Amino acid sequence: MSQRIDPACLMRIKSLELRAKTVVEGTWKGLHRSPYHGFSVEFTEYREYSPGDDPRHIDWKLAARSNEHYIKRFEEETNLCCHMLLDLSTSMQFQSLGYTKAEYAKTLVATFAYFLAQQRDATGLIIFDEQVETVIPARFTRGQLRRILIELERPPQGSHTNLISPLKHAVETIKKRGLVVLISDLMSPLDELNTHLGYLRAQGHEVALFQILDPAEIHLNFHETAIFEDLETGERIALNPKAARENYQQQLQEHQAAIQSFCRKQGVHYHQLTTDMPLELGLSEFLTDRAA
């Protein structure tokens, strides 16, 4: 494997596009094509044969006449259609490493978008907090990557996390099956999340969930008694981290176990990324999982 990219170094690059390019060109290769090629029997046109295409779809009569190999293209044949749902609520502004979970998550989204654009795949983006704030429908056009990157550069406006709002929007508006990627810290009640992920799976979508956490949120590795503030509610509490750590980590483990359990049952790809983890490691895990 090529040399891993330190997230702290990556985040010093101001341009999201350049960050994404750095990850993609350095490490991330071979995202699999959509599994939905050629399902329709309605023939529409020809395209030139490429290595890896199913030879059963070659028009051999045309090949005999022209000495060229062409594939019959069907109505449903398409590249991957990916819809990314990005949480930019206030809790995503937490940081202990010099950059926020939101910055890390935006870089992840930009990396997906950059790679999919290189693959000529359709990409869309939904940004949300307590409500859906931005919707860029999935498509492959010359300016689509630029539109997504511009939206990612805008400062977040909201406060609370509402995971159901973007999922409802996705269920109601995404008609063609594809890949739906939810990116969030999931630091909110999980009520109805299982149900709405199930709706997407029932519609035939492949679903991936990336949970972005700061290492300090996992280990509660603070040493002095301090005032801790909930970024979304503004509630403050005096806390001795050493005394609270055991109970906190137990509750966090139960929360994580619930997420992993319903992801397994729904057939959802689940990946936890901490903001000190090189992005290519999490992405390679996703590619391996998806290939399997």
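This is a predicted model: local features need pLDDT of at least 70, side-chain atom pairs count only at pLDDT 80 or more; totals for chains, interfaces and linings use all residues.
# Reading helices and cores

Q: Which residue just after α7 takes a positive phi?

A: G204 does, with a phi of about 95 degrees. Residues are numbered from 1 along each chain as its sequence is written, and side-chain values use heavy atoms, with hydrogens and water left out.

Q: How many helices and strands does the chain have?

A: There are 10 helices and 10 strands.

Q: What share of the chain is buried?

A: Buried means under 20% relative accessible area, exposed means over 50%, and partly exposed lies in between (1.4 Å probe, protein chains only). Here, buried residues make up 46% of the 292 residues. In helix α7 (residues 193-202), they are L193, H196, L197, G198 and L200.

Q: How do α6 and α7 lie, parallel or antiparallel?

A: Begin with the axes, which are lines fitted to C-alpha atoms, for helices over the stretch in contact; angles run from 0 to 180 degrees between N-to-C directions. The axes of α6 (residues 164-173) and α7 come within 9 Å and cross at roughly 20 degrees. That angle makes the two helices roughly parallel, a term for angles under 35 degrees; over 145 is roughly antiparallel, 65 to 115 roughly perpendicular and the rest oblique.

Q: Which residues of α6 and α7 make the contact?

A: Contact means heavy atoms within 4.5 Å. On α6 the residues are I164, L167, K168, A170 and V171, and on α7 they are L193, H196, L197, Y199 and L200.

Q: What is in the largest nonpolar core?

A: A nonpolar core is a set of buried Ala, Val, Leu, Ile, Met, Phe, Trp, Tyr and Cys residues joined through side-chain atoms within 4.5 Å. The largest one has 45 residues, and L86, L108, L125, L152, I183, F210 and I212 have the most contacts inside it. Its largest share, 11 residues, comes from α4. Another core, of 22 residues, lies apart from it and includes L85, L167, V171 and C263.

Q: Which residues does I212 touch, leaving aside its neighbours within four places in sequence?

A: I212 is in contact with M92, K101, Y104, A105, L108, I183, S184, D185, L273 and T275.

Conventions:
Helices (H or I, at least four residues) and strands (E, at least two) are DSSP runs, numbered from the N terminus.
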